[in-house]
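Here are a few exercises to work through with the model open beside you. Try each task before you read its solution.

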Amino acid sequence: MTVNTVLTSPMTSSNSMSSGYCSLDDECEDFSFFTAKTSFFFKPRPAPKQNETKEEEARGTKDLSEEEVRTRIKAYNAQVTENGMKLASDGSYTGFIKVHLRLSRPVTVPAVDLSGSEGGHNRAPSEDQEGTDCEQSENRTSFYIPRECVKQLHISSLTTTREVIQGLLTKFMVLDNPRKFALYRQTHRDGQDLFQKLPLPERPLLLRLIAGPDPQQLSFVLKENETGEVEWHAFSVPELQNFLVILEKEEAERVRAVEQKYAMYRQKLQQALQQHDP
C-alpha cells in the first residue's frame, strides 16, 4: 500500500508531550472534563456485550460477484479522469481513496534534533504494542496535524480499515497506539453530514467502488476513536501524569471562577439590601 500526499500543511509543533486531552469550553456550566476517550464525569455508554463486539468486528460489506466488480469498475473509471481502478487477473482490484485527517488532539512523533536525525522510531506501533515506554519519552514531541489535511492512499480490494489506519500513522511517523484512532465513512444526506465508524475488517476500496467517485456519496475521515469507556492502558505514563497536571490546573481555574461568580452575587445582594435599608 502506497501513500501519496494530496494536500498537506506545515505541522504545528507543541513543546509538551501529547496528552490526548481536551476539555469543554470555559463557559460551559456542567464542569465536564474530557480525555481522548470519554468524560470523567459523564456517565459512559454501556459497553457492548462480547458477542455483539465480535459481530461488529466480523460484519462487513457484502462481496460483489466478479461480473458486478467488472461492471462497477467500468462505470467508475468512466466518471474519473485519473486514478481509476484496475482489475487484476485473480479477481482483486486496486485503486485510490482519499482520507481526511480531522484530529482535534496532537499526535506523538519522533523528535528531530538540529542535525536532522530522528530520535525515535520510524514507524507507528502495532496494536499489539503499547509503544509507550517511559525511556522513549525524551525522544518524542507532539504535533497538531492540520484538520484540512488529506492523504491519498493506493490500496487493494483486500486492504482493511485496520491497515489503512496503520498506513496513515506510518506515513506521519505517529507513535501513538493505533487503537486511539478510527476510520469513519462520511455521507452527505438532506443537508447533513453523517458519520459511521467502520469496523476494522471492513474494506474501504469496496465501499468506494459501490458508492462511486462522488465525495458527496462517500468520503473517509480519520478521527479519534471515541468509545464509551476510558481505555487507560492505551496511554503512556507521561500522558497519565499530564492528565493529572491539567486536571489540577483546570480545577483551580474552576474554583476561582465559582468564587468570583458568588462574590459578585454577594455584592449585588448587599447593594440591594442597602437600598431597602430605611
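**Getting oriented**

Of the protein's 278 residues, 36% are buried, where buried means under 20% relative accessible area, exposed over 50% and partly exposed in between, with a 1.4 Å probe and protein chains only. This is a predicted model, in which local features need pLDDT of at least 70 and side-chain atom pairs count only at pLDDT 80 or more, while totals for chains, interfaces and linings use all residues. Residues are numbered from 1 along each chain as its sequence is written, and side-chain values use heavy atoms, leaving out hydrogens and water.

**Exercise 1.** Work out how many helices and strands the protein has.

*Solution.* Start with the DSSP runs: helices are H or I runs of at least four residues, strands are E runs of at least two, and both are numbered from the N terminus. Counting them gives five helices and twelve strands. Next, look at contacts, meaning heavy atoms within 4.5 Å. Among contacts with a separation of 6 or more, 76% join residues 24 or more positions apart.

**Exercise 2.** Find the salt bridge partner of R203 and state which parts of the chain the pair ties together.

*Solution.* First, apply the criterion: a side-chain nitrogen of Lys or Arg within 4 Å of a carboxyl oxygen of Asp or Glu. The structure holds four such bridges. R203 pairs with D63, with the closest N and O atoms 2.4 Å apart. Then place both residues: R203 is in the loop between β11 (192-197) and α4 (204-211), and D63 is in the loop between α1 (50-58) and α2 (66-78), so the bridge ties together parts 140 residues apart in sequence.

**Exercise 3.** Describe the salt bridge between R70 and E66, then look at K180 and D176.

*Solution.* The closest N and O atoms of R70 and E66 are 3.2 Å apart. These residues sit four apart in helix α2, so about one helical turn separates them. R70 is partly exposed at 37% relative accessibility, whereas E66 is exposed at 55%. Salt bridges with shared partners link E66, E67 and R70 into one network. For K180 and D176, the closest N and O atoms are 3.5 Å apart, and both residues are buried.

**Exercise 4.** Check the span of helix α5 against its number of residues.

*Solution.* The expected span is 1.5 Å times one less than the number of residues.
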